[in-house]
Amino acid sequence: MKNISVVGAGTMGNGIAHVFAQHDYNVQLIDISEDSLQKGMETIERNLRRMVAKGTIESESVQATLGNIQTHTSLSEGVAGADLVVEAATENAGLKMDVFRELDASAPEDAILASNTSSISITEIAAATGRPEKVIGMHFMNPVPLMQLVEVIRGYSTSDAVTRAVLDLSVKLGKTPTEVNDCPGFVANRILMPMINEAIESLYTGVAGVQEIDTVMKLGMGHPMGPLQLADFIGLDVCLSILDVLSDGFRIPKYAACPLLRKMVTAGKLGVKSGEGFYDYSESRKAERVSRQFS
């Protein structure tokens, strides 16, 4: 596999494109929004320059990596020569089904179709295509250029050959692939999201404040980031979507999203991307933090 198409230029999509391009794959980055594509490419360049500053890559790698990426607003054009397509659209089952129907119609017959979904059934996604044996989950972690894990999810019909190819490809990207079977939330979010939800429930019921909950988990459990800060980083809307998938899939009360989470999403407080979640990420607070840092 040499030609990779990535659908979606958001946080996960541009990170996936970055990693493939950095490893000298030909990447087609696809999004319906030209503005999103531009922002995605700016993010990739910014992250590459950070890597240069830290000494993890040579400066020549920046232009070489960017040169490996072409952008498209047409999905059919972007996947025309793909060996592998990685879908990184919003975590919405209906949207993903629509994307996979279009991918099935537009991508070469022998192309593998992978989803970066963090919770939605690969078997269900594969059923929207005429090639279920070639559909697989390839769940990268955020931030993609830094995180080593790729959760590789087999659907009911995913072939052994496709699974092996994706596992091998992940290793070539410098990642550690872990094969799991298709189940709501897979492994990562089946374990992570109930923990985040319980942290939100602890806040909601007045057990402790935001800083206190995160401090306990960071200093007491050795987590690099507290669960409420992590929820902000992931996106509270994404957390809610995953919990709803878990709740619908298992029909067990412990997966039901905390009312506070649902209210915050309804109010548009989504975390880092909206400027406010459990923490304040507004420009005024950012300036205040910088001022404190250098005072």
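UniProt positions are given in the numbering used here, feature names are shortened, and annotations may be inferred rather than shown by experiment. With that in mind, an unreviewed UniProt entry places "domain: 3-hydroxyacyl-CoA dehydrogenase NAD binding" at residues 4-183. The structure you are looking at is a predicted model, in which local features need pLDDT of at least 70 and side-chain atom pairs count only at pLDDT 80 or more, while totals for chains, interfaces and linings use all residues. Residues are numbered from 1 along each chain as its sequence is written, and side-chain values use heavy atoms, leaving out hydrogens and water.

**Two annotated spans**

The unreviewed UniProt entry also carries "domain: 3-hydroxyacyl-CoA dehydrogenase C-terminal", covering residues 185-281. Helices (H or I, at least four residues) and strands (E, at least two) are DSSP runs, numbered from the N terminus. Here are the two spans together:

Strands of a sheet pair through backbone hydrogen bonds, either parallel or antiparallel. In this model, 8 strands form an open sheet with mixed pairing, in the order β3-β2-β1-β4-β5-β6-β7-β8. Its edge strands, each pairing on one side only, are β3 (69-72) and β8 (176-181). Two strands count as paired if DSSP finds at least two bridges between them.

Strand β2 (residues 26-30) runs parallel to β3, and 4 bridges join them. Ile-30 stands opposite His-72 in β3. Helix α2 (residues 34-53) lies across β2 and β3, and runs at about 160° to β3. For such angles, axes are lines fitted to C-alpha atoms, for helices over the stretch in contact, and values run from 0 to 180 degrees between N-to-C directions.

**A helix crossing**

Helix α8 (residues 188-204) and helix α12 (residues 259-266) have axes that come within 8 Å and cross at roughly 90°. The pair is therefore roughly perpendicular, a term for angles of 65 to 115 degrees. From α8, Ile-200, Glu-201, Leu-203 and Tyr-204 meet Pro-259, Leu-260, Leu-261 and Lys-263 of α12. By class, this contact has 6 nonpolar, no polar and 2 charged residues. Ala, Val, Leu, Ile, Met, Phe, Trp, Tyr, Cys and Pro count as nonpolar, Asp, Glu, Lys and Arg as charged, and the others, Gly among them, as polar.

**Two backbone details**

Most residues other than glycine have a negative phi, and most peptide bonds are trans. Asp-24, in the loop between α1 (11-22) and β2, has a positive phi near 70°. The peptide bond from Asn-142 to Pro-143 is cis, with omega near 0°. Pro-143 sits in the loop between β6 (135-140) and β7 (149-154).

Conventions: Contact = heavy atoms within 4.5 Å. Parallel < 35°, antiparallel > 145°, perpendicular 65-115°, else oblique.
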